[in-house]
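Have the model open while you go through them.

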Amino acid sequence: MGESTVTTLEDQEQVTPQPVADETNDRVGQRLLRRLRTPRRPRLWFEILLIAVSYWTYSLIRNAVPEQKSQALKNADWLWSVEQHLGIAVEESVNHTVNSVAWLIVGMNYYYATLHFVVTLGVLVWLYRSHPGRYAATRMVLFATTGVALVGYYLYPLAPPRLMNGQNFIDTVVVHQTWGSMASGDLKNMSNQYAAMPSMHIGWSLWCGLTIFALASVPWVRVLGMLYPTATLVVIVATANHFWLDAVGGMICLAFGYMVARIWYGSLPYALPQLVPATTPRRSLLPTKA
């Protein structure tokens with residue numbers, strides 16, 4: 001009996017510390033999570049490296065998706081028929097109308113090839129300099145948007161209008177011999193031509209537009225911010241690189257990106273503080289003794 005009683009007490013002594021250890025681990029986890037979620041001043045070298053590596057990875061994965069030409073053409077025919085049923089299949093008319101004005105379509109070709117990157121990087125730089133407290137959260141929106149788009153490229157290969165069979169779309173880059181698309185002309189072998197859904201030209205440009213509209217203080221700059229994705233929509237259709245519904249796909253991906261940032265930071269990026277403290281004291285993740 002005595003031995004049984006002693007054993008029970010020893011067992012209790014061994015079990016007793018476990019809730020304390022669990023509570024300590026919970027506190028450490030909560031502090032770590034809080035630290036990760038707290039906006040910090042971005043580091044220039046890290047941001048340059050992160051953006052470069054992220055875009056390289058995005059391009060690698062996008063181009064590694066098998067070019068399922070047959071399925072992509074079938075999907076394009078189906079999407080075109082859906083737009084005709086909805087009464088919004090005016091891409092061919094827009095393509096031919098704009099193509100008749102040489103200087104306009106050539107300008108759109110170069111717009112398509114350059115502003116997609118230039119404006120996006122410009123907005124990132126502006127956020128880094130003027131809104132460091134909102135930079136990480138807004139960048140997360142962009143990264144999450146791009147990440148989910150890769151899933152779309154894999155699951156739903158889609159030929160752009162200019163590559164459809166039996167249609168009268170004009171590949172404006174080929175016709176006008178301009179460097180206007182990584183998926184046309186001499187550069188077509190460097191890019192997956194059947195990754196048109198969703199349109200990241202719309203996803204990225206709308207991200208830029210919303211960010212500028214929400215955070216810019218000058219009214220005419222805010223107006224330009226919203227005009228940018230609108231102009232991009234016209235460009236991707238006029239150059240026969242996308243359907244209208246590809247743009248809808250890009251918007252859905254962007255909504256997903258905002259949802260991810262909202263869940264992680266507990267707020268939309270634009271509602272976070274503009275600035276972060278110049279110096280943030282480092283605190284140990286381990287609880288201090290009383």
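1. A word on angles before anything else: under 35 degrees counts as roughly parallel, over 145 as roughly antiparallel, 65 to 115 as roughly perpendicular and the rest as oblique. Helices are DSSP runs of H or I with at least four residues, numbered from the N terminus.

2. This is a predicted model, where local features need pLDDT of at least 70, side-chain atom pairs count only at pLDDT 80 or more, and totals for chains, interfaces and linings use all residues. Residues are numbered from 1 along each chain as its sequence is written, and side-chain values use heavy atoms, with hydrogens and water left out.

3. The axes of H6 (residues 102-130) and H7 come within 7 Å and cross at roughly 150°, so H6 and H7 are roughly antiparallel to each other. On the H6 side the contact (heavy atoms within 4.5 Å) includes Thr 120, Leu 124 and Tyr 128, and H7 brings Pro 132, Tyr 135 and Leu 142, among others.

4. Pro 132 sits in H7 (residues 132-155). Pro 132 is buried (under 20% relative accessible area), at 3%. Its C-alpha is 6.4 Å from that of Gln 274, 142 residues apart along the chain.

Technical notes:
Helix = DSSP H or I, 4+ residues; strand = E, 2+ residues; numbered from the N terminus. Buried < 20%, exposed > 50% of the residue type's maximum accessible area, 1.4 Å probe, protein only. Axes fitted to C-alpha atoms, helices over the stretch in contact; angles between N-to-C directions.
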